[in-house]
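Dear colleague,

Here is the structure I promised to pass on. My notes on it follow below.

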Amino acid sequence: MALDRIEKLVEKYFEGETSIAEEKELKTYFSSTDVAQHLEQYKPVFGYFSQAKQEQFTATISLKSKRKQKRLAWLSVAAAVVVMVCIGFFAYQNSSEPTQENLGVINDPEIAFRETQKALALISKHVNTGIESVNYLGEYQQSKNKIFK
Amino acid sequence: MNQKEFMQLVSPFKDKVFRLAKRLLISTEEAEDATQEVLVKLWNKNESLDEYKSVEAVAMTMTKNYCLDQLKSKRASNLTIVHSNFTDREAGLQQKVEDNDTWKWVEKIINDLPEQQKLIVQMRDIEEMEFDQISKVLEMNEQAVRTALSRARKMIREKMTNTHSYGIG
């Protein structure tokens, strides 16, 4: 291919005046191995154009909108939240405050006193088990006092 | 039109749509989503498709609009598009690797162009579409398309010359 023709085409190309056929000619010229030295710099441009056309859409096409699916997903999340709130609400209502009559009333003061004592003993026992482990902390205080007088 | 006929109708240009979307959105996944979305929209237009002279031009216009909308909403929400297209092309001769490298440069330069010029370069230089088609897709007159194309090509040349004479920075 005559070099001056290519040069003219390149000139026209940059002015946006080449036809598709002429551009194809340029692409073939620049994909060949003997490109003139001073035109070498355009080689990758045309090379890229030809290469970029090869890329294909490989994903599978489904004719249902993805957006709708997304909306559906949000809907299911919302539904789940509503169901959970309902369950929580009813569970809370059912469990709160045992009714007054179920508590049982002791009329004899002596038995009532004993029962109360028993209950308090139970509480203090549990409180003490907690405190025992806290006592270990005293060790730190002691050794600290030994070191930092 | 049933699904099979529709697929036959779109298969000649679905790659084109994908490449155009990718040119604008950069990321392969986003471009796939966009293509998908455009095809669904076309499918929903099913009945009225016969009215169009060129379904391809309609598809291209829809792609352009969809992608520009996407970009606008991305920018509005201050998100940058993350893309990691690690293409796995067969490495071979040294020359091929070098070519690949300079191609990447060209790609980068094109991706840095303004959107409209990107679209025009994509449709003209890569897809080899005629000016009247391009002007229809972009809803611009032919002369404006030519001017923008010339500007884009010159910009590519300028940047390539820079990397050519100073080496790839």
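**Core and helix packing**

The largest nonpolar core holds 45 residues, and those with the most contacts inside it are Val45(A), Val17(B), Ala21(B), Ala34(B), Val38(B), Ile120(B) and Ala152(B). A nonpolar core here is a set of buried Ala, Val, Leu, Ile, Met, Phe, Trp, Tyr and Cys residues joined through C-beta atoms within 7 Å. A residue is buried if 20 or more other C-beta atoms lie within 10 Å of its own, exposed if 12 or fewer, and partly exposed in between, with C-beta atoms placed from the backbone.

Please note that this is a predicted model: local features need pLDDT of at least 70, side-chain atom pairs count only at pLDDT 80 or more, and totals for chains, interfaces and linings use all residues. Residues are numbered from 1 along each chain as its sequence is written, while chains are lettered from A and ligands numbered from 1 in the order in which they are written.

**Chain B**

Val17(B) touches Thr35(B), Val38(B), Ala59(B), Met60(B) and Thr63(B), leaving aside residues up to four places away in sequence; contact means C-beta atoms, placed from the backbone, within 7 Å. Val17(B) also belongs to the contact between H2(B) and H3(B), which involves Lys14(B), Val17(B), Phe18(B), Ala21(B), Lys22(B) and Leu25(B) of H2(B) and Thr28(B), Glu30(B), Ala31(B), Glu32(B), Ala34(B), Thr35(B), Val38(B) and Leu39(B) of H3(B). These residues divide into eight nonpolar, two polar and four charged. Ala, Val, Leu, Ile, Met, Phe, Trp, Tyr, Cys and Pro count as nonpolar, Asp, Glu, Lys and Arg as charged, and the others, Gly among them, as polar.

The axes of H2 (residues 14–25) and H3 (residues 28–45) of chain B come within 8 Å and cross at roughly 130 degrees. Axes are lines fitted to C-alpha atoms, for helices over the stretch in contact, and angles run from 0 to 180 degrees between N-to-C directions. H2(B) and H3(B) are therefore oblique to each other (under 35 degrees is roughly parallel, over 145 roughly antiparallel, 65 to 115 roughly perpendicular, the rest oblique).

Glu128(B), in the loop between H6 and H7 (131–138) of chain B, has a positive phi of about 55 degrees although it is not a glycine. Glu139(B), in the loop between H7 and H8 of chain B, has a positive phi near 55 degrees. Glu128(B) is partly exposed, with 14 other C-beta atoms within 10 Å, and Glu139(B) counts as exposed, with 9 C-beta neighbours inside 10 Å.

**Chain A and the interface**

Chain A has five helices and zero strands (DSSP runs of H or I, at least four residues, and of E, at least two, numbered from the N terminus). Buried residues make up 9% of its 149 residues. H2 (residues 20–31) of chain A and H3(A) pack at about 115 degrees, with their axes 9 Å apart, which makes H2(A) roughly perpendicular to H3(A). Gly47(A) lies in H3 (residues 43–52) of chain A, and its C-alpha atom is separated by 6.4 Å from that of Ser31(A), 16 residues apart along the chain. Gly47(A) is partly exposed, with 18 other C-beta atoms within 10 Å.

Between the chains, 35 residues of chain B are in contact with 24 residues of chain A. On the chain B side, the largest share, eleven residues, comes from H8(B). That side divides into eleven nonpolar, eight polar and 16 charged residues.

Regards

Terms used
Contact = placed C-beta atoms within 7 Å.
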